[in-house]
Amino acid sequence: MQRDWPDLLGGLTMAAIGAAAAGWALAHYDLGTLRQMGPGFFPTLLGVTLVGLGLIVALPALRRAGAAPKLELGVVLAVLGAILIFGFGLRPLGLAGATALSVLVATIPALKPGWRWRIALSVAVSVMTVVVFSFGLQMTLPVWPRLP
Amino acid sequence: MTTWEGLLFGLGFALQPEVLVYCLLGVVLGTFVGVLPGIGAMAAISLLLPITYYITPEAALIMLAGVYYGAQYGGAVASILLRLPGTPQSAVTTLDGYPMARDGRAGVALFTAMVTSFAGSVFGIVVLVMLAGWLSRAAVAFGSADYAAMMILGLVAASTIGTSRPAKGFAMVALGLLLGCVGTDVNSGVQRFTFGQTELLDGINLVALAMGLFGVAEVIANVRDPDRQKVTERLGLRSLMPMWDDLRRMFWPTLRGSALGSFFGALPGTGSTLSSFLSYSMERRIARQPERFGKGAIEGVAGPEAANNAAAITAFAPTLTLGIPGDPIMALMLGALVIHGVQPGPMMLEARPEMFWGLVASFGIGNLLLLILNLPLIGIWVAMLRIPFHLMYPAILVFICLGVLSVRGLTFDVVAVAGIGLAGYLLTLAKFSPALLLLGFVLGPLIETNLRRAFLISRGDPMVFLERPIAAGFVMAICALLVLSLWQAWRRRADDSA
């Protein structure tokens with residue numbers, strides 16, 4: 001059966017987030033009154049609104065065909081991987097190492113074949129970041145990998 | 001301070017070498033990202049946010065504003081040469097700009113875009129100066145209820161105007177408002193939605209949110225974009241020269257576009273993208289030969305390009321004098337100021353004249369720089385279109401990480417950028433607007449504070465929103481927008497079933 005999956009899943013996710021936020025706010029924060037609103041008032045109001053809006057988006061999508069967008073899973077994994085490698089790798093690997101590895105991972109999904117340009121790019125970007133951020137802007141970051 | 005004194009004072013400020021450098025940096029970078037399809041002003045401004053920590057708030061605002069209006073100039077280049085809008089604001093320019101290029105008149109189309117952009121900006125600056133003085137005097141009468149109602153009007157307008165699915169827009173705004181609640185509640189000191197993470201005590205980091213939503217998500221969406229078309233145009237200065245007939249045809253559309261853009265730019269929730277679309281449809285409607293449109297009519301380039309630049313300038317009026325950003329880009333500007341502890345409002349013209357008048361003067365200087373630099377340098381910008389994306393995006397990712405780290409030095413923020421980037425990509429895939437989420441995020445705390453104060457003053461009586469004339473006006477506008485969008489949805493459904 002044809003369904004508008006992006007709207008259906010998107011709407012349901014919004015509704016779920018709204019319900020969770022409103023529930024959490026009701027359980028943990030004081031609602032107060034209209035005159036003296038507590039910290040829970042605004043989040044609860046928004047959460048309930050979001051549930052309603054999510055359902056308005058999701059329910060009509062049940063009985064409607066929609067275009068299925070293409071999820072580029074490989075790109076997502078490589079890009080997020082590159083960011084996380086940089087974030088967690090900066091201290092053990094140093095700025096040069098973390099940049100080189102992160103650029104290498106980021107180029108995996110690129111359409112252009114070959115590995116020489118990937119290595120060249122990773123070296124070039126490392127040199128550039130070290131020169132600009134470490135020498136130029138004087139950011140206090142370890143540049144080289146930490147020796148054991 | 002009179003207007004002339006203010007302008008002179010502003011010129012004195014903006015012409016200081018250090019400020020001038022940031023202005024130049026902003027407009028050049030803006031043109032660059034505007035030229036490149038797939039990277040917009042939002043991403044560029046997000047990427048620059050960390051740098052603004054290290055410079056004065058005035059210089060930061062001047063630089064970020066330069067990126068914004070610089071991108072409007074650059075956006076036309078890819079629209080005309082490749083039929084790919086470099087920025088959403090220049091999407092309409094493809095309609096007649098690209099056919100002009102196919103006719104061998106690419107140079108004239110680019111000249112038209114640059115010159116009308118400049119004219120629109122100058123018009124916008126004049127309107128901004130008049131409007132800002134008037135708004136900051138009017139704002140003295142504004143109470144909490146009026147502010148809250150106006151901000152809600154902005155959110156409603158941004159999610160309903162120019163979209164076929166207002167419910168999705170509203171959902172994004174609501175989600176943004178909710179994310180704005182994260183952190184320590186200013187009124188009670190209660191920590192909301194922090195889940196014991198000390199990193200979240202100050203709320204979600206604006207830099208991480210903006211970079212994730214616009215930097216990372218746009219990179220993911222563009223990595224496997226089929227190879228860009230090759231630009232084959234050779235553009236010398238001579239090819240830019242328009243004929244007398246072109247100049248005659250440009251004149252009135254430019255003026256009408258500037259006026260239209262100045263008006264819609266200053267309204268909450270309607271920005272420069274809408275202005276350029278409205279200008280195009282107006283020019284086509286009043287043209288003597290509407291059949292020329294879509295086949296290379298110079299009026300179809302002149303009007304919209306003037307309109308989007310005028311709107312980009314006047315959008316600063318409500319942002320600076322009321323502290324209310326009308327669109328997501330203004331929300332980022334406001335965010336950048338708040339990072340510096342500057343809260344724009346009615347007192348700003350008096351209390352920080354160098355901020356307002358310096359910015360106004362920098363608009364003039366920056367636009368002049370763009371006009372002088374871009375016409376001779378057009379060949380360089382066209383060459384930029386030949387840089388393959390796969391050589392740029394890995395470096396962009398590293399800059400995003402370093403930019404986020406430079407703010408607080410927390411690995412937590414890098415992880416947050418990755419997560420927010422994923423969310424932003426999924427939202428774009430499902431056609432939910434991340435820009436509206438950001439608008440809600442920035443306005444959230446302001447709306448909550450003003451709502452609470454309004455109800456406290458009125459002793460919990462909601463009639464305060466109808467008894468105060470200003471608030472009542474905004475409430476009526478909100479209702480009108482809601483009724484209009486319901487009616488449009490109903491009519492669409494009737495069309496579908498017919």
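A polar contact is a pair of N or O atoms within 3.5 Å; within protein, one atom must be able to donate a hydrogen and the other to accept it, and residues adjacent in sequence count only if both atoms are side-chain atoms. In this predicted model, local features need pLDDT of at least 70 and side-chain atom pairs count only at pLDDT 80 or more, while totals for chains, interfaces and linings use all residues. Residues are numbered from 1 along each chain as its sequence is written, chains are lettered from A and ligands numbered from 1 in the order in which they are written, and side-chain values use heavy atoms, with hydrogens and water left out.

Between chain A and chain B, eight residue pairs are in polar contact, both residues at pLDDT 80 or more. Four elements of chain A each give two or more residues to the side that touches chain B: α1, α2, α3 and α4 (116–136). Helices are DSSP runs of H or I, at least four residues long, and strands are runs of E, at least two, numbered from the N terminus. The largest share, 17 residues, comes from α3(A). By type, this side of chain A divides into 42 nonpolar, ten polar and seven charged residues. Here Ala, Val, Leu, Ile, Met, Phe, Trp, Tyr, Cys and Pro count as nonpolar, Asp, Glu, Lys and Arg as charged, and the others, Gly among them, as polar.

In total, 59 residues of chain A contact 59 residues of chain B, contact meaning heavy atoms within 4.5 Å. The buried area is about 5100 Å², and carbon and sulfur atoms give 81% of it. This is the accessible area (1.4 Å probe) that the two parts lose on being put together, summed over both. In chain A, Arg35(A), Phe42(A) and Ile83(A) lose the most area to chain B, together 13% of what that side buries.

Two salt bridges are counted between the chains. A salt bridge is a side-chain nitrogen of Lys or Arg within 4 Å of a carboxyl oxygen of Asp or Glu. Arg165(B) meets Asp7(A) in such a bridge, at 2.6 Å from N to O.

Asp7(A) also pairs with Arg64(A), at 3.0 Å. Asp7(A) lies in helix α1 (residues 5–28) and Arg64(A) in the loop between α2 (41–61) and α3 (73–106), so the bridge ties together parts 57 residues apart in sequence. Asp7(A) is buried, at 2% relative accessibility. Arg64(A) is partly exposed, at 27%. Buried means under 20% relative accessible area, exposed over 50%, and partly exposed in between (1.4 Å probe, protein chains only).
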